[in-house]
Amino acid sequence: MTERCSSMTRYQSLGKGGKRVILPSLLACDFANLERDIRELERAGVEGLHLDIMDGHFVPNLSFGIPVVEAVRRTTDLVLDVHLMLSAPESYFEAFRKAGADGITFHLEAMADLESPGRNFARRGCLRTDADQLSGLRSRTETALEKLHSLGCACGLSIIPPTDAELLEPYLPLCDNVLIMSVMPGFGGQKFDPCAKEKLKWVRTHSSPDMLLSVDGGVNETTLADCRDSGASGLVMGTAVFCGSSIDEQFGKLNRELQAF
Ligand code: DX5
Ligand code: ZN
């Protein structure tokens, strides 16, 4: 199997056949001990890592970029799930693929902002009424998803809480992942927004059961069951995994709850 195929296949296996996985967000890890934390996650049985890339423009925060993704790639064989919270994300697809991303997820709102600069969809979300006026949004977004596949990378689309989930419909056949944000992107440790539950249910009923359906932001021991029961198969968790004294204990407890039903 070529590297391209193995990378996409590994990513696509995360949610296949009703599987559910926790994807720890490295945003909450101890960056002074990145390799130590990754080894603890590997020992705990984690299958993939969520890497939050923030540009200080699409979101009001800066996180990390290519060098850190390259370093994580050199350190582990775990599946790397890269979340691009960037304006004009497609200009970074090749660089993050080359750095070692197995899957790249970008925001529909970033595409809408490219279609209609100045409307600030990144902060206010995109509604059905907005999308109807953005004639180039569908072709731009489809082209971006296809570009990722041409790079041998699994592709995903994400929406922020104010955006209507129905806007995802045309893209679902192309996506390996849909990432429903349950917080406004930019920071870890925020409170889960229950609006994500109805969106998860809607996407689940309109997409292949094998497509990874992820939820991201404020997912923890109290919100995990709602996400699982709403159809999520990828649960991104930062604070909940790294908050305690032992990553192994935290992950084990959360994963037992996730697999309980
Ligand atoms: C927020 C990021 C999330 C965040 C999750 O913009 O996309 O992945 O790191 O962190 P917690 O789980 O702490 O909310
Ligand atoms: Zn994220």
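A polar contact here is a pair of N or O atoms within 3.5 Å. With that in hand, welcome to a predicted model in which ligand 1 makes such contacts with His50, Asp52 and Gly186.

**Polar contacts of ligand 1**
- His50 places a polar side-chain atom 3.4 Å from an oxygen atom of the ligand.
- For Asp52, an N or O atom of the side chain is 2.8 Å from an oxygen atom of ligand 1.
- Gly186 takes part through its backbone, with a polar atom 2.7 Å from a ligand oxygen.
- On its own, ligand 1 has 380 Å² of accessible area, and the protein covers 98% of this.

**The shell around the ligand**
- There are 20 residues around ligand 1, and those that come nearest are Asp52, Gly186, Asp216, Gly238 and Thr239.
- Sorted by class, the shell holds eight nonpolar, 10 polar and two charged residues.
- Strands S2 (48-54), S3 (79-85) and S8 (234-237) are the elements that each give two or more residues to this shell.
- S2 supplies the largest share, with three residues.

**Aromatic pairs**
- The model has two aromatic pairs.
- Because Phe31 sits in the loop between strand S1 (21-24) and helix H2 (34-44), and Phe64 in the loop between S2 and helix H3 (66-75), the pair ties together parts that are 33 residues apart in sequence.

Methods
Residues numbered from 1 in each chain as written. Chains lettered and ligands numbered in written order. Predicted model: local features only at pLDDT ≥ 70, side-chain atom pairs only at ≥ 80, totals over all residues. Heavy atoms only, no water. Near = heavy atom within 4 Å. Polar contact = N/O pair within 3.5 Å; in protein donor to acceptor, adjacent residues only side chain to side chain. Areas by Shrake-Rupley, 256 points an atom, 1.4 Å probe, with all protein chains shown as cover. Helix = DSSP H or I, 4+ residues; strand = E, 2+ residues; numbered from the N terminus. Nonpolar A, V, L, I, M, F, W, Y, C, P; charged D, E, K, R; others polar. Phe/Tyr/Trp six-rings, centres within 6.5 Å; stacked < 30°, edge-to-face > 60°.
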